[in-house]
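Please keep the sequence and the model in view while reading.

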Amino acid sequence: MGIHGIFESWRCFGKNPTLATRVLFDTAILPSNPVRYVLELEKQGYLEDTRTLAMGTAMLYSIAFAVSYAFISMTYGLLWI
């Protein structure tokens, strides 16, 4: 997998976030077969496996959540009261 795989999954997320989110949900939350997205991913030029894409998407969502939480907690006294 490596760092190159993570960056490739973020590039794929940038091209089609809906597909990356569906792969994440099908891989991590719902017990289904993520292989059905392989042809759609290959058409977009993504060559890594679906598990790497799901992990990269989860990392992006967790980073976005942490940044938004930090912003809200730091500006709570200034903007939100």
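The sections below go from the overall fold to particular residues.

## Overall architecture

The structure is a predicted model. Its secondary structure consists of 5 helices and 0 strands, so the order of elements from the N terminus reads α-α-α-α-α. Of the 81 residues of the protein, 30% count as buried.

The accessible surface comes to about 5600 Å², and carbon and sulfur atoms account for 70% of that area.

## The largest nonpolar core

Which residues make up the largest nonpolar core? It has 9 residues in all: Cys12, Phe13, Leu19, Ala20, Val23, Tyr37, Leu41, Tyr46 and Leu53. The elements that give two or more residues to this core are α1 and α2, the latter spanning residues 17-29. The largest share, 3 residues, comes from α2. In soluble globular proteins, nonpolar side chains tend to be buried together.

Alanine 20 is one of the residues of this core. When its neighbours within four places in sequence are left aside, alanine 20 is in contact with Phe13, Leu53 and Thr57.

## Tryptophan 10 and helix α1

Helix α1 covers residues 2-15 and includes tryptophan 10. Is tryptophan 10 buried or partly exposed? Its relative accessibility is 24%, and because buried means under 20% and exposed means over 50%, tryptophan 10 counts as partly exposed.

Tryptophan 10 and glycine 56 are 46 residues apart along the chain, with their C-alpha atoms separated by 6.2 Å. A polar atom of the tryptophan 10 side chain lies 2.9 Å from the backbone oxygen of glycine 56. Apart from its neighbours within four places in sequence, tryptophan 10 is in contact with Gly56, Met59, Leu60 and Ile63.

Side chains of opposite charge can pair when their charged atoms come close. Arginine 11 forms a salt bridge with glutamate 8, and the closest N and O atoms of this pair are 2.8 Å apart.

Both arginine 11 and glutamate 8 lie in helix α1, where they are 3 residues apart, about one turn of the helix. Arginine 11 has a relative accessible area of 36% and is therefore partly exposed.

Glutamate 48 is placed in the loop between α3, residues 38-43, and α4. Its relative accessible area is 29%, so glutamate 48 is partly exposed. Glutamate 48 and glutamate 8 are 40 residues apart in sequence, while their C-alpha atoms are 7.6 Å apart in space.

Threonine 50 belongs to helix α4. With 14% relative accessibility, threonine 50 counts as buried. Between threonine 50 and serine 9 there are 41 residues of separation in sequence and 9.1 Å in space, C-alpha to C-alpha.

Which residues form a nonpolar patch on the surface? The patch consists of Phe71, Ile72, Leu78 and Leu79, which together have about 450 Å² of accessible area. Helices α4 (50-74) and α5 (76-79) each supply at least two residues of the patch. Phenylalanine 71 is located in helix α4, and its relative accessibility of 47% is why it counts as partly exposed.

Threonine 75 is found in the loop between α4 and α5. Because its relative accessible area is 13%, threonine 75 is buried. The side chain of threonine 75 has a polar atom 2.7 Å from the backbone oxygen of phenylalanine 71.

Definitions and conventions
Residues are numbered from 1 along each chain as its sequence is written. This is a predicted model: local features need pLDDT of at least 70, side-chain atom pairs count only at pLDDT 80 or more; totals for chains, interfaces and linings use all residues. Side-chain values use heavy atoms; hydrogens and water are left out. Helices (H or I, at least four residues) and strands (E, at least two) are DSSP runs, numbered from the N terminus. Buried means under 20% relative accessible area, exposed over 50%, partly exposed in between (1.4 Å probe, protein chains only). Contact means heavy atoms within 4.5 Å. A polar contact is a pair of N or O atoms within 3.5 Å; within protein, one must be able to donate a hydrogen and the other to accept it, and residues adjacent in sequence count only if both atoms are side-chain atoms. Accessible areas come from the Shrake-Rupley method with a 1.4 Å probe; for residues, only the protein chains shown count as cover. Patches are made of residues with over 30% relative accessible area and no salt bridge: like charges are joined within 9 Å, nonpolar side chains (Val, Leu, Ile, Met, Phe, Trp, Tyr) within 5 Å. A salt bridge is a side-chain nitrogen of Lys or Arg within 4 Å of a carboxyl oxygen of Asp or Glu. A nonpolar core is a set of buried Ala, Val, Leu, Ile, Met, Phe, Trp, Tyr and Cys residues joined through side-chain atoms within 4.5 Å.
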